[in-house]
Amino acid sequence: MKTVKTHLILSCFFIFSVLSCNQKKEQKIEQTVNVQAEIVLDLLALQEKNKLGKDTVVTVINDPVYHKTKKYHAVNALFLLKNEIDLSKVDIKNTLIIFECIDGYKPEMPLELFLETNPFLAFKDVDAPKGSNWEKIVKNGNEMDADPFYLVYTSAPTDDQEYKWPYNVIKFRLESKNKNIEVLQPKDDEKAMKGFALYQKQCITCHAINGIGGEMGPELNYPKSVTEYWKERDLVDYIVNPASFRHKVKMPTLGITKQESQEIVDYLKYMSEHKKTNSN
Ligand code: HEC
C-alpha cells in the first residue's frame, strides 16, 4: 500500500514538473492570482509605523470634491504601493485596486489605470482652517472632512468617472478582476447579464450581493432579496430616483434610465434564485 502511494506521489511529481516546464506561463498566472487575493494595505497601520513615505505638497487643479484648485500635504501613493507590494508578482492587467472607506464605501478602478496616473494620498489640506486638517466638504447639506486620507491625482481628468477620488480612505485592497465576476455573474442568463453589467458599474461600490461588494448601503440579496419585499414597480422607480421614496435618503440619484433600472431589477431577481449558501 505504502509503495503504491509513494509511486503515485512520485508520478504526480513527475507530471507536475513536466507541466511546469512546458507551461510556465500559465502556472505563473495562477500563482499571482493567489497572491493577489491576499493583498490589503492598512494605511493607518502604515502611518503609525512611519511607512507612508516622504511628505510632499501637491496641487490639484479643479479638484472634483472641492470644485476648485487645491493644495495638499500628501505622500506619493505609487511609491507607497511599490514599497509594500512586489508588483512584478501581480498580474496587473487583471487586477482591481479597491479603496476601502470608513463608511463602507468601496470604489474600485483598474490597477493598470491607477499605476499610470500619479496618485497621491493627501493627509492634510494646505488651506485648512486652524484646528482642522481639512476645509469642510459639503455634501447633501452635511459637513464632513476627508480624514484620514483623500486620494487625489495631479494628472488625471477630473471629470472622468473611471478615476476614483475617495476620501475617508483607510485601506487599499488588490483583487483579481475575475473574483467578483465569477461569483456574481449570471452566466446562464443573457437577459440578466445586461443588468449585471450596469450593477457592476453603478451599484457594487455601495451594495453587496451575497456578501460581496460595498457596505455603505444594505446587502441586496441575502438572506432576503430586495425583490422579495419590494413591489417590482416601486423597486424600479426607487433605483431611478431614491429621494422620491425617502426623505434625506443617503443613496444618490445616479442618472440611470427606467429601462436600465428594470434590467438591474431583472438581474436582482435572477440573483434571488442564487443566494449565498452556507458553504461560501
Ligand atoms: C453611493 C452609494 C450608493 C450607490 C452607488 C447605490 N446605492 Fe442603493 N443605497 C445606498 C444607501 C446608503 C441606501 C440606504 C438608503 C437610505 O435609506 O437612506 C441604499 C438603498 C438601496 C435600496 C433599498 C434597500 C432596502 O432594503 O430598502 C435599494 C433597492 C438600492 N439601494 C439599490 C441600488 C442599486 C440597484 C444601485 C445601482 C443602480 C444602487 N443602489 C446604488 C447607497 C448607494
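Leaving aside neighbours within four places in sequence, which residues is Y153 in contact with? The legends below answer this and describe further close-ups of a predicted model, in which local features need pLDDT of at least 70, side-chain atom pairs count only at pLDDT 80 or more, and totals for chains, interfaces and linings use all residues. Residues are numbered from 1 along each chain as its sequence is written, and side-chain values use heavy atoms, with hydrogens and water left out.

**View A. Surroundings of Y153.** Y153 is in contact (heavy atoms within 4.5 Å) with V60, F99, M109, F114, T117, N118, P119, Y163, K164 and W165, its neighbours within four places in sequence being left aside.

**View B. The iron atom of the ligand.** H207 (NE2) and M251 (SD) coordinate the iron at 2.0 to 2.2 Å; donors are N, O and S atoms within 2.8 Å of the metal (3.2 Å for Na, K and Ca), and water is not among the atoms, so sites may look incomplete. The six donor atoms subtend angles of 86 to 178°, which makes the arrangement octahedral (six donors, opposite ones over 155 degrees apart and all others between 65 and 115). H207 and M251 are both buried (under 20% relative accessible area, 1.4 Å probe, protein chains only).

**View C. The side chain of N76.** At 17% relative accessibility, N76 counts as buried. A polar atom of its side chain lies 2.9 Å from the backbone nitrogen of L78, and the N76 side chain reaches the backbone nitrogen of F79 at 3.1 Å. N76 also touches P119 and F120, not counting residues up to four places away in sequence.

Conventions. Four donors count as tetrahedral if all angles lie between 85 and 135 degrees; four count as square planar and six as octahedral if opposite donors are over 155 degrees apart and all others between 65 and 115; anything else is irregular. Buried means under 20% relative accessible area, exposed over 50%, partly exposed in between (1.4 Å probe, protein chains only). A polar contact is a pair of N or O atoms within 3.5 Å; within protein, one must be able to donate a hydrogen and the other to accept it, and residues adjacent in sequence count only if both atoms are side-chain atoms.
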